[in-house]
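Please examine the arrangement of chains and charged side chains in the structure shown below.

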There are 2 protein chains.
Amino acid sequence: MNAYEIILRKREGEELTVEELEYMVLGFVDGRVLDYQMSAFLMATFFNGATDAETEALTRIMLGSGELLDMSGVHGPKVDKHSTGGVGDKLSLIVAPVVAAVGVRVPMLSGRGLGHTGGTLDKLESIPGMRTDFKPAKFAQLVADVGMAIVGQSPQLAPADRKMYALRDVTATVECVPLIVGSILSKKLASGLDALVLDVKVGRGAFMGDIEQARRLASALVRTAGRLGLPATALLTDMASPLGRMVGNALEVRESIEVLKGDGPSDVRETSLVLAGRMILMAGLAAGAEEAGALATAALDEGRALEVFSRFISAQGGDAGVIENPDALPRAGAVAEVTASGDGFVTGVDALTVGLAATGLGAGRRTVDEVVDPAVGVEIVAPIGTAVGRGEVVALVHARGTDEAQSVLERVGSAFDYGSDEPAVGGRLLEVFE
Amino acid sequence: MNAYEIILRKREGEELTVEELEYMVLGFVDGRVLDYQMSAFLMATFFNGATDAETEALTRIMLGSGELLDMSGVHGPKVDKHSTGGVGDKLSLIVAPVVAAVGVRVPMLSGRGLGHTGGTLDKLESIPGMRTDFKPAKFAQLVADVGMAIVGQSPQLAPADRKMYALRDVTATVECVPLIVGSILSKKLASGLDALVLDVKVGRGAFMGDIEQARRLASALVRTAGRLGLPATALLTDMASPLGRMVGNALEVRESIEVLKGDGPSDVRETSLVLAGRMILMAGLAAGAEEAGALATAALDEGRALEVFSRFISAQGGDAGVIENPDALPRAGAVAEVTASGDGFVTGVDALTVGLAATGLGAGRRTVDEVVDPAVGVEIVAPIGTAVGRGEVVALVHARGTDEAQSVLERVGSAFDYGSDEPAVGGRLLEVFE
């Protein structure tokens, strides 16, 4: 067996054996398979895909390349939620405390933002003092004590994924269903879950712009998780426009607190409750979808989710005072207004354009080495369906300084589409794969 | 512009600009583009191919990455012949002296064998004293003096091709039409030709097993050469069974001498004359195909080609005495007989099986570092169409020792197919692209 023959077989569309996939993945980790061979293999996989058996084997091998978290000290059903990433996607900050308040245990391993989508860790770290770098034993302890914890992936979990992802990121081989499935599930399986809810974003602001591609991913995630013994549900949700009104780290924490207080944009609230209901149902804490939804809504409306969020912040070293006083969160030096270039109704707000503008301001990273600015971002003042006149304010740009704010005004303005007919504003949930 | 974006565009099937191809190819040569990015790019090119404009640009960039040979001191039409490689393909040794005898100047840059197909340099170097490592000025001098010279590619010619080929060879990205076209033509264009005849082999013993693939290659070679101002003709020739009867370096020199003396297998003679006729025609030394063919045949039959061959060997330091006394060529220590496993007519001799057996004996290289044995190889005693009885000798294995000979007897035997009906033996020439 050698790397050349395995690349050739993948290139020719043949199904690889478990041993061949092991040779490639573990060989890449230990240096027997060279990075230029792995990148050719990844590109061949991009084109030829992988069978369910190959995807299962790939995931299992990546999982087996590292350690497993010991969650035996955490009692109760452990369910996590994973999003494929979107613009303004702060749902983890709301969903986790909601379900924890109902009794679900949420050991959430999360990532940092790269490109135009934000990362949950970056958002959390905008809270003064907040830490996300706990070791596995402390992570389990936090989940047991608070009901939830959100920490960064430790290098000991699925190191093959870490190394492969770094290579995919520089060789244009990220957008490949079996590789995404392996990457997501290997990490989730390492954290000892009982069930998993996947939020597969689709649309211009998402990783998967095309609904067919998103369907393939959602379906492959659910099928592969099932083959590996992890019950999973995937929800396809709309990411054509930014989720909620805030895009940027501290801005999104502020909006999450609003939603946990019972306010905030309806799309964030509704989507959070849909995801929370699914997690409660999969945790076995409700007899049906209706009961699960009611439990989630009650936890949110009765302020119990907000209490969990407060304890969660304190337990991870953060200043929970930001809940009462959101102005204690980092604030941008300059705020500039984006005005409407047309009359009528806002018919679209392009998530990708807004996400790239926010990244340009420093809210996200273009390379892994960049440092994010917690304070900056974009605030949508006139979401889809708002009636506006030319020159009215449709968005606010939060930037380090006036010059930086001015530099993205035009770009943010270009994200808005206007029309004379009031658009129908649909829900975010598109389809369910289970 | 960056490598990631270029790989992504190629992956998505978009047409790259000249500047983007320059960035990739020259960046790879100077280290700005990393090998793992180039290999992902090569694999994406394997799947998505390249447009004619891209293939032309790629070839031009590879050509421009190195020096050009100064052939201004060589008077007369300069025409080369290039084969994509086959089993028993010794045609260069016959065709070059035939056309040189008619007045064509042949500056032939050649390669070494890798895999199951032999290399012309390896064959030549089985002649005692023969050298192929001349510098450009001496190469031009040899062509001017003798009418032909066959030397190895200098590292100064198309270095981008050299570096890309080394990577393709270990990442399963060799069999890709635009990459093959760029590789072949960049080197040929560097040697100042007036015209080029391409021998595209097709069948089990060739690089291109499939006729559709071979047609695409032949057509792309001719089109791209034309765009670059080099008149070219490609002949598709059959490589299902070994060409001639000898496979192995000294064995093939011996067979070439036989053909130059007017004997030898008819397929070698006929195919050589077809290629030579094309070269003479493209050199402008004949008014039509018939006259060109007659000139080639006369040069061969009147012994003038043999005279050129003798001068060529002497000029490159070799012992031209091998022409009178072929036993002065290296001879194998052991010769073993392969006997027929069936009765009737030989209906097929699988070129790939014979080529791999010869390589296993040491006639070819499995890796670039292996040293070839000039003496070993396989001699076909009963070519297609021969009537044989079970147990009769159908081939001879020339090996270092008896054990090595015995080790491949079964394999060589398995190359032969038998049937009760006498097979039609067609010519080797299948199609012409011009």
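**Salt bridges, interface and surface**

B:Arg215 and B:Glu431 join their side chains in a salt bridge, with an N to O distance of 2.5 Å; the term denotes a side-chain nitrogen of Lys or Arg within 4 Å of a carboxyl oxygen of Asp or Glu. Because B:Arg215 belongs to helix α10 (residues 211-227) of chain B and B:Glu431 to strand β13 (residues 429-433) of chain B, the pair ties together parts that are 216 residues apart in sequence. Helices (H or I, at least four residues) and strands (E, at least two) are DSSP runs numbered from the N terminus. B:Arg215 is partly exposed, with a relative accessible area of 26%, and B:Glu431 is partly exposed as well, at 22%. Here buried means under 20% relative accessible area, exposed over 50%, and partly exposed in between (1.4 Å probe, protein chains only).

The model is a predicted one, in which local features need pLDDT of at least 70 and side-chain atom pairs count only at pLDDT 80 or more, whereas totals for chains, interfaces and linings use all residues. Residues are numbered from 1 along each chain as its sequence is written, chains are lettered from A and ligands numbered from 1 in the order in which they are written, and side-chain values use heavy atoms, with hydrogens and water left out.

Over all chains, the structure holds 56 salt bridges. One of them pairs B:Lys187 with B:Asp161 at 3.3 Å, N to O. This pair links distant parts of the chain, since B:Lys187 is in helix α9 (residues 177-190) of chain B and B:Asp161 in helix α8 of chain B, 26 residues apart. B:Asp161 counts as buried because its relative accessibility is 2%.

A further salt bridge connects B:Arg269 and B:Asp301, whose closest N and O atoms are 3.0 Å apart. The two residues are 32 residues apart and link distant parts of the chain, with B:Arg269 in helix α12 (residues 266-282) of chain B and B:Asp301 in helix α13 (residues 289-301) of chain B. B:Arg269 counts as buried at 18% relative accessibility, while B:Asp301 is partly exposed, with a relative accessible area of 46%. In chain A, the residues A:Arg9, A:Glu14 and A:Glu20 are joined into one network by salt bridges that share partners.

How many residues of chain B are in contact with chain A? There are 22, and they touch 22 residues of chain A, contact meaning heavy atoms within 4.5 Å. Between them the two chains bury about 1,900 Å², of which 68% is on carbon and sulfur atoms. In chain B, the residues that lose the most area to chain A are B:Arg11, B:Tyr36 and B:Phe47, together 33% of what that side buries. Buried area is the accessible area (1.4 Å probe) that two parts lose on being put together, summed over both.

Two salt bridges are found across the interface of chain B and chain A. B:Arg11 meets A:Glu175 in a salt bridge of 2.8 Å, N to O. On the side of chain B that touches chain A, the elements giving two or more residues are α1 (3-11), α3 (35-48) and α8 (159-170) of chain B. The largest share of that side, 10 residues, comes from α3(B).

On the surface, A:Val274, A:Leu429 and A:Val432 form a nonpolar patch with about 190 Å² of accessible area together. Such patches are made of residues with over 30% relative accessible area and no salt bridge, where like charges are joined within 9 Å and nonpolar side chains (Val, Leu, Ile, Met, Phe, Trp, Tyr) within 5 Å. Accessible areas come from the Shrake-Rupley method with a 1.4 Å probe, and for residues only the protein chains shown count as cover. A:Val432 is placed in strand β13 (residues 429-433) of chain A and counts as partly exposed at 34% relative accessibility.
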